[in-house]
Amino acid sequence: MNVDLTNCDREPIHIPGKIQSHGFLFVINQDNVIVYHSDNITVFLPDISPNLLGKHINIIEPIIGKNEPPNFISQLLSFGKIKGFDQTNPFNTNIRGVAFHLIISVSADFYLLEFEPAHSDSATDVQKMIGRSIAEMLADKNLQNLLSNSAVQVKNVIGYDRVMVYRFAEDGHGEVIAEAKNTELPSWLGLHYPASDIPKQARELYKLNLTRLIANVHAEPSAILTIAANELPLDMTNSGLRAVSPIHIQYLKNMGVESSFSISLMYKGELWGLIACHNYSPRFIDYRSRESAKLIGQILSSALEFRQDEENQHTQALFKSAVAQLSRLMLKDTNIDHALTAHSVNLLNAVEAPGAALIFENHIHTLGITPTDLQITSVVAWLKNNVSDNFYYTNQLPVEFPESALFKNVASGIMVTTLSRELGEYVIWFKPEQLETITWAGTPDKPVETTVDGVAQLSPRHSFEAWSQTVSGTSKNWTNEEVKSVMRLRSEITYAINQKAGAIRLLNEKLKEAYEELDTFSFTISHDLKNPISTVKSYAQILLRDKGMNPQSVKILERINKGADKMNNMINEVLDYSRIGRLELTLSNIDPKPIIQDIVRDLLLIYDFDESCITIGKTPRIQCDPVMISQVFSNIISNAIKYSMHSNPPKVTISGTKNNHEVVYSITDNGLGIDIKQRPRIFELFHRTDNVGDIEGSGVGLAIVKRIIDKHKGKVWVESELGNGSTFNILFNK
Ligand code: ADP
């Protein structure tokens, strides 16, 4: 390991990094042999041998700790390795009559021995004031005041010109949210800084080493020397003297800052923000003051965590109780949409959004402030094609779905949970646009500049003039609590839907069974009734053949015969009626004229009616099941003929009219007419009006008509005046 450096040949020297030159550094390995040191040791230790790499640390112990016992470094190390170097740092030592702090830290297999001046540019007795500072800092419950108090207390402890609390947004950019400054300085409160101002690798470092000091941006850093064999770069994570990148130094210089100090603020292991301190002249603060400032940062971090947790727990509890309430409502209510939207606790209580829509079973139910139904439909169409996850949220919908810019005032943010993508069923919450004016410290564009030869190069911003930008098409963020709440609600809705689907399937099964039973029943009944009736009828006919029968008996037998026919007829009609419910419609577009003509021809024969009494007018085409519709016309036309038979002369007209949406057929007669009181009941099974006298009928025909027309989703109604005829109207949708 012996390297001769006296020839001043720096070739074999590897420079893994630099330190700030207000202190110096030795790095030793596990055997206490010096493996690195800073180039500036001779500035602080002029009488030291320049050839130290590879030497045991004890050869410099008399110089770096004049009043210390020999081996004091080994002793510090053994103690620190067991108890932690927090216990030994800083170690006060005296070098050539000047007080120094020795700060030891770990770097992989090595130990960093950093020497820094023990005096501060700050005159205050930090130890004394720290207790009071913390008490004052925590005096206020309000978060904003807590942050402002912290800035003030840090300024008291380290005495910088400007102390800012800087908070990172989700996209990595930062905002100054509290500040304590010298009165003559302009305020930077509310200014935003682009994410690139603090690069990612710097943030990672800030999580591990919680404070950083740049004592003087103008001081030339000192190189760290080692032997060429040491190819591994020295890990400077825990170093307090570590020099920062020249880009960052330039950045500070551009702002006019000559000294900078920052303390990390952590929230649940993540970097929440920084306490950033600027001084407009060089300023060194010693290890103890830095540690005190760090303590303030840590206390602020845990206070933030506590306050934030408290707030989160509160909102979480509110959301949870709303979801629990909704889940109870869904289980109680037969309609899920009703349960979610019709009560005082509804979808809006599950998150903090002013509007929500439930798209379920082909309906859009909206609550609060939402886009129009048409706009919601366009969002749903977009979701169907672009979002395959069950959850989706954005606070910049117009960026994802440009068409939505038209309604960004109500829906710049959406949170979506998919109930069924195939059916296009979703719950969507809407957050309005939040016009936010961001005042940037300088233009927020990436600090990339192009050099003369056209190569892009990272360089710090020069401009720090405030530059204002209004962010549009953006809503407030969706919080973790809201996401969790929607996830919970979704599983409750799916559970309820599955329960209901199960119940409906069960009902369907039962209904099918009931239909089958009814079929068998109807068939058995008709069979069992028809047999004895035909027996009755045949015996009556046999008896009638007896010519010696007296006229009274013949009359009775004829009535028995007629009654049997009527009974047979009725059984057939009831069977027809019960069958219609189960028949499937076979729709086609037909011209009903031939059907009507056939019916009329048959009826004229049966009722002995004069052809001239019947007029068939226009017969527009209709969309229907031809077999069923012929039954409809047959029933209504036969009624018209039957109930106008006694008019002198009877008149029956059949004709249809049409418009763009529907066709209406009217069958008019000049017969008995129907009493207004009885009109509503004529479509009921077996209902006959009082004025029919001995005109035959079963009261089933119109019930069949009604059933068939209902099945066609059409309408049937009657207009009539007692004694003056009736008009039956049938409406078909096109
Ligand atoms: P029915 O076999 O008795 O004709 P419907 O169900 O066809 O049975 O009709 C029910 C009742 O409505 C009839 O009994 C009659 O009282 C009344 N009705 C139906 N059509 C007419 C009509 N064109 N004129 C007068 N009354 C009618």
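Helices here are DSSP runs of at least four residues, numbered from the N terminus. The model on screen is predicted.

**Stop 1: the antiparallel sheet and its helices**

Select helix α13, residues 480-544. Helix α13 lies across β15, β17, β18 and β19. Its direction runs at about 25° to β18.

Now show the sheet under it. Five strands form an open sheet in the order β16-β15-β19-β18-β17, and the pairing is antiparallel. Colour β16 (363-368) and β17 (391-394) next. These two strands stand at the edges with a single partner strand each, so one side of each is left without a neighbour in the sheet. From one strand to the next, the twist averages 10°.

Zoom in on β15 (residues 355-360) and β19 (residues 425-431). Five bridges join these antiparallel strands. Look for alanine 356: tryptophan 429 in β19 stands opposite.

Helix α10 lies across β15, β16, β17, β18 (413-420) and β19. The helix runs at about 115° to β19.

**Stop 2: aromatic pairs**

How many aromatic pairs does the structure hold? There are 15.

Start with tryptophan 382 and phenylalanine 401. Their ring centres are 5.2 Å apart and their planes are at 20°, so this pair is stacked; the cut-off for stacking is under 30 degrees. Tryptophan 382 sits in helix α10 (residues 373-386), and phenylalanine 401 in the loop between α11 (397-400) and α12 (408-411), so the pair ties together parts that are 19 residues apart in sequence. Tryptophan 382 is buried, at a relative accessible area of 13%. Phenylalanine 401 is buried too, at 6%.

Jump to tyrosine 665 and phenylalanine 732. This aromatic pair is edge-to-face, with 6.5 Å centre to centre and 85° between the planes. Tyrosine 665 lies in strand β28 (residues 662-669) and phenylalanine 732 in strand β30 (residues 726-733), so the pair ties together parts that are 67 residues apart in sequence. Both tyrosine 665 and phenylalanine 732 are buried.

Then select Phe24, Phe26, Phe44, Phe100 and Phe115. Together they form one aromatic cluster.

The charged end of arginine 203 sits over the ring of phenylalanine 168, 4.4 Å from the ring centre. Likewise, the charged end of arginine 707 sits over the ring of tyrosine 577, 4.4 Å from its centre.

**Stop 3: the mixed sheet**

Go back to β28 and β30 and show their sheet. The sheet is open, has five strands in the order β25-β27-β28-β30-β29, and has mixed pairing. Its edge strands are β25 (614-616) and β29, each pairing on one side only. The twist averages 15° from one strand to the next.

Pick out β29 and β30. They run antiparallel, joined by six bridges. Select serine 720: its bridge partner in β30 is serine 726.

Now bring in two helices. Helix α16 packs on the sheet, touching β25, β27, β28 and β30, and its direction makes about 30° with that of β28. Helix α17 packs on the sheet as well, touching β29 and β30, and its direction makes about 135° with that of β29.

Stay on α17. Its buried residues include Leu702, Ile704, Val705, Ile708 and Ile709. The buried residues of this helix pack against α14 (551-580), α16, β29 and β30. After α17 comes lysine 713, with a positive phi near 55°.

**Stop 4: the nonpolar cores**

Which residues touch the most other members of the largest nonpolar core? They are Ile629, Phe633, Ile637 and Ile667, out of 39 residues. Elements supplying at least two residues each include α15 (593-607), α16 (626-642) and β27 (652-658). The largest share, eight residues, comes from α16.

Select phenylalanine 633 and show its contacts. Beyond its neighbours within four places in sequence, phenylalanine 633 touches Pro592, Ile596, Ile599, Ser638, Tyr665, Ile667 and Ile730. Apart from this core lies another, of 31 residues, among them Met137, Ala151, Val163 and Ala215.

**Stop 5: strand β12**

Finish at β12, residues 222-227. Is this strand mostly covered or exposed? Strand β12 is mostly covered: six of its six residues are buried.

Two bridges join β2 to β12, and the strands run antiparallel. Lysine 18 has alanine 223 as its bridge partner in β12.

Definitions and conventions: Residues numbered from 1 in each chain as written. Predicted model: local features only at pLDDT ≥ 70, side-chain atom pairs only at ≥ 80, totals over all residues. Heavy atoms only, no water. Phe/Tyr/Trp six-rings, centres within 6.5 Å; stacked < 30°, edge-to-face > 60°. Buried < 20%, exposed > 50% of the residue type's maximum accessible area, 1.4 Å probe, protein only. Lys NZ or Arg CZ within 6 Å of the ring centre and 35° of its normal. Core = buried A, V, L, I, M, F, W, Y, C linked by side-chain atoms within 4.5 Å. Contact = heavy atoms within 4.5 Å. Pairing = 2+ DSSP bridges. Axes fitted to C-alpha atoms, helices over the stretch in contact; angles between N-to-C directions.
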